[in-house]
Amino acid sequence: MSKIVVFLLLLVAFFNQLMAVEDNAAKVRVLAIDGGGIKGILPGVILQQLEADLQKRDPNARIGEYFDVVAGTSTGGLITALLTAPDPQNKDRPLYAADEIVKFYKEHGPSIFTLNFSWYV
């Protein structure tokens, strides 16, 4: 639970920074996405809301365009790939929107992430 709280606090801090600073080349915006298997749907939902809020200012906004560095571990790396993969038609624009992360996890999550209770014992 504490990882999720830290992630949310960092996300809120970055979001506030994005909304307050229009163009400041001295700052580097980093998005770090934690791993956790199928629980990657949680950062997916948070990123979906962040992108929706950004789209209130710019209807074509994508998360990948607002961060200088995006990185993740395990399932966070999978989300990173989805957020930063370039569109073949426009190399400067990310191919996937944040709302597609949640769709991806709902559709493909059960086949990618198997349920293993052995670590509980």
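The largest nonpolar core of this predicted model has 15 residues. A nonpolar core is a set of buried Ala, Val, Leu, Ile, Met, Phe, Trp, Tyr and Cys residues joined through side-chain atoms within 4.5 Å; buried means under 20% relative accessible area, exposed over 50%, and partly exposed in between, with a 1.4 Å probe and protein chains only. The residues with the most contacts inside this core are L31, I33, L47, I63, I79, L83 and I101. At least two core residues come from each of β1, α2, α4 and α5. Helices (H or I, at least four residues) and strands (E, at least two) are DSSP runs, numbered from the N terminus.

A word on the source. This is a predicted model, in which local features need pLDDT of at least 70 and side-chain atom pairs count only at pLDDT 80 or more, while totals for chains, interfaces and linings use all residues. Residues are numbered from 1 along each chain as its sequence is written, and side-chain values use heavy atoms, with hydrogens and water left out.

Let us turn to helix α4, residues 75–84. Which of its residues are buried? They are T75, G76, I79, T80, L82 and L83. These residues lie on the same side of α4, because they cover an arc of only 165 degrees around the axis, taken from the directions from the helix axis to the C-beta atoms.

Finally, consider S74, in the loop between β2 and α4. S74 counts as exposed because its relative accessibility is 60%. Most residues other than glycine have a negative phi. S74 is not a glycine, yet has a positive phi of about 55 degrees.
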